[in-house]
Structures are given as structure tokens and as C-alpha cells.
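Keep the structure in view as you read.

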Amino acid sequence: MAKYRSIVVLTGAGISAESGIPTFRGSDGLWEGHRVEDVATPEAFARDPELVLQFYNMRRAALKTVEPNPAHQALAKLEDAFDGDLLIVTQNVDDLHERAGSKNVLHMHGELKKAWCLGCDGRALWEDDILETSRCPHCAREGRLRPDIVWFGEMPYQMERIDAALSACDLFVSIGTSGNVYPAAGFVALVRHYGRAHTLELNLDPSEGSRLFAETRHGPASKLVPAFVDEVLGG
Ligand code: OAD
């Protein structure tokens, strides 16, 4: 592989699939047994906070039963050994990139292990269940916490920083994402518009936007990502 100076890696649910975290788009259209509108919208939280909190409490608890896989580990190795800039932009709300050792990780859809207080706008690390009676560690108000997750209809985090990185990179790699959810699904077109980066898709099967990538490789992330990292580090 050519020598790169600035790499942006976009990851999605597919990179965590082999760790045992289910992806989103199963053939039955359900998300872990729920319709997305019932659990992942601000309207759902207003209508039934207990159901929504419980859904995310279960997903947060499940994090304790999974480990990073070779794909997460390879990206951490790349960050460690690479002498240019590397930013991981993840749509995932799990903490597997961090647990593998990656440091420069931006969670554009939020994080399961953070709570957000609607009373004071503070964020706090949160390992256990968020309950309707949980108290905000910043303002001490009860019952104002929600998971710090970007729901449908809400704005993803840090879009300006992401756009700056996409415009400056010379390699954009998309790993394990179906290309169904914007704005992440539009990053490859944006990178092409900026015109200076090679674009590479690593995914189990062709994504919605596959044809927009200059190069595509299809297979499991646990195999494709370590091989890609070795190529970059090998020059
Ligand atoms: P999806 O579930 O839509 O897509 C996962 C992709 O990973 C699919 O294209 C699979 O083929 C691929 N895949 C599965 N196993 C894989 C493996 N072992 N190796 C490589 N690829 C594999 O997940 P996302 O694209 O991440 O948003 O979904 C995007 C967003 O939609 C999520 O962040 C979430 C969801 O609604 C919010 O929660 C806001």
C-alpha cells in the first residue's frame, strides 16, 4: 500500500459482530426484538422511558460479556505504530475500540457507558443501570438522566471535527457498516468530493454504497482488518 499521512477509519456494527454484539439490520427488520421506533427515538423515551432505559441497560450490561476481536486490536496496533494521523469515527456505542487500546476514537452516535442529564446537560460515565430514579452526579436532580445515545431524528456528535478530518485525509476506510444511516453513509461521497483520498471498504458483503469506493474487499473484519493494517504498516 502507498504511504499515507492521514487516515480516517469509519466503523459500524460489523466490526463488533465477531465479538458477539448483534448488528442492526437483521432480515426481520427488528433490532434485538424491538422496532427501532419503540426504543431509539426521543418520542419513544417520552412515551415509555422505562422500556427505553431497560433496553439500553441490557445492552450496557451485555458489554461486560464481550471482548474486542482481532479487528479492534489491529486498529489499535495501527494507531500505535503509524507515524501519521489516525482517527476512528465509530457509529458503535460499545467501548470495544477503547478496550483494544485505541485512543483517538470519536463516537458519533454516543456511548452506552455514558449518561446525559436533561436537567443540567452534563455527561457522566455510567457503568450500571440508568433508572427513572437515578440521580445526576453533577446537578443531583433525580429522574433526568437518559443514555448518551444519538437517537433517530437527533444530530450526530462532532460533525465539524469529522468533516475536517474527512477533508484532510488521504485514506478513508469504511469497516463493517451497511451504509444505510446518514450522515455516516454519505462520508465516502464527501471524501470523493474532496478528491484527495483513496477510499476502501472492508465489509462482509457489499454495502449500499459499495460502488462509490475505489477499492472493496469482502469478508469478516477479523481477517480483513489485520491484513489491511499489516499492509499499511509494511508500506
Ligand atoms: P448495520 O447492522 O446496518 O450493518 C452492519 C454491516 O456489517 C452489514 O453490512 C454487514 O454485512 C456487516 N458485517 C456483519 N458482520 C460482519 C463481520 N464479521 N465483518 C465485517 N462486516 C460485517 O450496522 P451499521 O451500519 O453500523 O444508529 O448501522 C448504522 C447505524 O444504524 C447504527 O449506528 C445505529 C443503527 O440504527 C444509531 O443507533 C443512531
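Which residues lie nearest the centre of the largest pocket? They are Ala13, Phe24, Arg25, Thr177 and Ser178, among 47 lining residues. A pocket here is an open set of points on a 1 Å grid over the protein atoms alone, where a 1.4 Å probe fits, with protein on both sides within 12 Å along at least five of seven lines; lining residues have an atom within 4 Å of a point.

This is a predicted model: local features need pLDDT of at least 70, side-chain atom pairs count only at pLDDT 80 or more, and totals for chains, interfaces and linings use all residues. Residues are numbered from 1 along each chain as its sequence is written, and side-chain values use heavy atoms, with hydrogens and water left out.

The largest pocket holds about 980 Å³ of space. The ligand takes up this space; a molecule sits in a pocket if more than half of its atoms lie within 2 Å of its grid points.

Now look at the ligand.

Some atoms pair up. A polar side-chain atom of Ser178 lies 2.6 Å from a ligand oxygen atom. A backbone N or O atom of Gln91 is 3.1 Å from an oxygen atom of the ligand. At Ala221, a polar backbone atom lies 2.8 Å from a ligand nitrogen atom. The protein covers 92% of the 800 Å² of accessible area that the ligand has on its own (Shrake-Rupley method, 1.4 Å probe).

Definitions and conventions
Polar contact = N/O pair within 3.5 Å; in protein donor to acceptor, adjacent residues only side chain to side chain. Points joined across faces, edges and corners; volume = space filled by probe spheres on them.
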